[in-house]
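Visitor: I would like to learn how to read a model like this one. Please take me through it feature by feature.

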Amino acid sequence: MTAVETTETAAPAGDIPPALPPAVTGGAHKRRRRGSAFDRALPYLLLAPALIAILWLIGWPVVSVFVTSFRQLNLGELVRGEVVWTGIDNYVTVLQDERFWEVSLRTIVFTVSVVVASVSVGLGIALLMRVLTPWVRIALQIAMLCAWAMPILASTTVYQWMFDQNYGILNKTLVQLGFDSFAGYSWFSSGTSTLSVVGLLIIWQAIPFLAFSLYAGLVGIPRDLYEAAGIDGATGWQTFRAVTWPEIRSLLMMVTFLSTLWDFKVFAQIWVFREGGPSGESTTLPVLQYLEGIAKSHFGVAAAISVLMMVILGLITFQYLRKLLQTEEGKL
Amino acid sequence: MKGWRGLAAGAAALAVAVSGCGTSTSSGGNTETKEITVWLMDGSAAPTLTDALNKEFESANGIKVKYEVQKWTGIQEKLTTALASSTPPDVIELGNTQTASFADQGTLADLTADSGQFNGGEWLGGLKDSLTLNGKQYGVPFYAANRTVIYRTDLLQAAGVTAPPTSRAEWIDAINKLKAANASNPDFQALYLPGQSWYFLLSLIWDEGGDIAKQDGGKWTGTLDTPQAKAGFEAYKAIYDASATKKVPADIDEAKPQQMEVFGTGNVGMMVGLPWELAGAVKAKPELTEKTSAFPIPSKKAGSSAPVFLGGSNLAIPTASKNAAAAKKYLSLLSSKKYQDLLAEGGAVPGTSKDTAKLATNAVGKALAASSPNGKVTPVTPKWAAVEAGQNPLKDALTAYLTGAKSLDQATKDASEAITKAMA
């Protein structure tokens with residue numbers, strides 16, 4: 001860090017920073033000037049191995065999926081190592097299937113509802129944590145950490161038992177409260193109802209991260225801004241609009257963006273609950289992709305679905321990506 | 001070529017990563033085989049058999065056996081990823097309905113020339129057909145089994161049912177008596193029948209004269225919407241409705257939870273199950289040994305038994321196996337009379353031995369032997385696996401019909417169309 005700063009400040013001025021003793025930095029500085037081409041390349045050379053590794057790990061599978069989507073790749077071709085190009089056949093197959101459109105729409109509605117719900121509850125808890133007394137806040141934080149630390153499949157199993165038709169605590173509680181019609185009620189009798197339960201689970205799993213991130217943003221807002229707002233006689237809502245909102249807006253956008261990515265590709269929870277049932281009514285795009293790719297061994301078609309998923313995700317997050325690129329360019 | 005293979009492996013790896021599955025890799029790959037990996041299924045062969053077999057093979061050949069037991073649930077997906085890897089297991093067990101599609105994709109080694117060393121003359125016909133594609137054999141029959149009604153002798157006797165029922169009407173009558181006799185236990189299930197027990201549904205459909213699909217000029221069409229098949233669905237509902245006061249949910253199958261575990265709790269009078277499921281229940285609760293027996297699934301016609309799905313397994317060697325020679329030796333040993341007799345003793349119809357004397361020594365084996373001549377299979381075509389893998393239309397139709405989400409006509413029509421589409 002110091003070295004970079006020295007170069008930056010020294011290069012345009014051509015002078016030694018006054019705060020540093022000349023005897024020490026002077027020599028080093030001269031040497032840096034002499035090997036300047038190498039020195040300028042050095043950070044990039046040092047970064048190169050990590051960069052290549054990351055590009056290989058992230059970029060290569062993306063390229064691979066894209067290339068695979070233009071091939072006929074069933075189990076036989078995969079084992080024999082055959083390459084059969086089919087052009088856009090896989091895309092035609094997928095796009096002509098009305099089920100794909102139905103599932104896409106369902107996935108988008110599901111993602112949007114889960115993201116909106118989880119981000120608003122997360123924000124609510126973050127705001128609440130600011131006004132809680134320290135002990136209550138710590139208790140809340142510990143509870144959330146526990147929820148966060150729970151493995152996905154473990155919590156999914158717990159939810160399955162909670163909503164179980166015959167032995168679930170929810171049905172039993174509802175019957176105790178006098179709602180007798182819930183005895184033996186099946187929460188998984190329709191796709192909407194199944195996805196609501198899955199959505200609830202995903203929201204529950206997402207809240208700790210969202211609440212902690214947003215709370216970190218809130219803590220950074222100076223107290224005197226609130227005091228000033230208080231002196232001006234602002235109501236709670238006005239304070240939120242004028243003081244809190246501008247400060248956490250970009251953070252909120254980022255966590256919303258991340259949540260969208262995560263919730264869009266949720267697979268394990270949906271599959272474990274009812275394998276996309278009943279009658280395929282809770283099948284989302286990742287489940288469809290799994291059915292085509294792993295269950296039916298049509299890897300080419302599954303790859304085409306993956307590419308289309310990326311396109312849909314790109315469209316959903318288009319506004320955010322544009323803003324992100326603009327700010328980055330502005331900074332550069 | 002090599003690059004593309006890497007690419008394909010990358011795609012598969014990505015698919016695996018996305019689906020959250022893991023594959024177990026096996027060691028090996030040396031020119032000289034030091035170890036072979038054997039995958040057998042949960043409940044196929046008793047540990048007494050496999051222990052003896054592995055020990056004999058290890059000492060005779062000096063090759064270690066890495067023996068792994070796989071679960072049936074999700075096996076299609078697991079085999080797909082395993083067979084696509086460069087180091088697949090050397091011996092695998094496949095369900096008879098899955099074998100054709102894996103063979104069709106060229107993932108299994110052609111064993112036609114070697115059938116002599118696997119006791120080829122005594123292979124079980126139904127299984128031999130399931131592993132034969134275009135006149136070539138892609139495996140060795142392992143064992144066959146079919147479902148019977150497993151029941152608690154003590155509970156039936158207490159309820160006043162003295163002889164096993166011989167018609168469907170008698171059977172429902174026995175279920176009702178059993179239910180009445182145990183009315184004080186709210187968790188009691190006279191018959192443990194989940195809503196998606198589709199192999200049992202096949203029995204009823206066949207008993208009514210219907211079928212799943214018919215072939216016409218190489219094209220398969222679903223036939224679940226025929227009056228006969230609908231009658232099978234109605235029979236299922238009648239039995240399901242009678243089965244218990246607190247019924248098993250309509251949207252689960254016999255594997256989730258394992259019905260043998262439920263049977264082992266003691267709150268269950270009967271279940272439609274395989275011999276190994278009874279063995280599992282008895283293992284967990286040894287006192288049940290003396291209190292359990294079995295009878296063939298009764299037909300609606302008095303005095304005869306309903307057709308049953310002939311379940312079974314084949315053994316195969318993946319094409320990509322680097323230890324095929326050692327794997328063949330292993331299969332050769334397993335198909336010898338000694339181990340086939342052990343299989344029969346364990347309650348299964350042996351695949352490479354016509355001698356079933358050992359089978360009929362207990363009640364379950366007798367029920368099995370009585371109904372197995374009536375055994376039928378799902379359509380023998382590489383396309384069938386696509387129906388069973390993932391979301392099975394038969395299960396969906398059962399759930400929709402039993403919960404009332406769809407009418408019988410609608411549920412069977414949808415299922416028929418789904419089957420036609422999957423087999424196209």
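Visitor: What pLDDT does chain A average?

Guide: This is a predicted model, and pLDDT expresses the predictor's confidence in each residue. Chain A averages 85, and 88% of its residues score at least 70. Residues 1–28 of chain A are below 50. Beyond near neighbours in sequence, that stretch has 13 contacts in the model.

Visitor: How many bridges join strand β7 to strand β11 of chain B?

Guide: There are 4 bridges between β7 (residues 148–152) and β11 (residues 268–273) of chain B, and these two strands run antiparallel.

Visitor: Which residues touch the most other members of the largest nonpolar core?

Guide: A core is read through its contacts. This one has 170 residues, and those touching the most other members are B:Val91, B:Leu201, B:Tyr330 and B:Ile419. Helix α10 (residues 191–219) of chain A gives the largest share, 12 residues.

Visitor: Why does this core lie between domain 1 and domain 2 of chain B?

Guide: Because domain 1 (31–144 + 310–376) and domain 2 (148–307 + 391–422) of chain B both give residues to it.

Visitor: Which residues does B:Tyr330 touch?

Guide: Leaving aside residues up to four places away in sequence, B:Tyr330 touches B:Ile36, B:Val38, B:Phe57 and B:Val91.

How values were computed: Residues are numbered from 1 along each chain as its sequence is written. Chains are lettered from A and ligands numbered from 1 in the order in which they are written. This is a predicted model: local features need pLDDT of at least 70, side-chain atom pairs count only at pLDDT 80 or more; totals for chains, interfaces and linings use all residues. Two strands pair if DSSP finds at least two bridges between them. pLDDT is the predictor's confidence in each residue, from 0 to 100. Two residues are in contact if their C-beta atoms, placed from the backbone, lie within 7 Å. A nonpolar core is a set of buried Ala, Val, Leu, Ile, Met, Phe, Trp, Tyr and Cys residues joined through C-beta atoms within 7 Å. A residue is buried if 20 or more other C-beta atoms lie within 10 Å of its own, exposed if 12 or fewer, and partly exposed in between; C-beta atoms are placed from the backbone. Domain bounds come from an automatic or database domain assignment.
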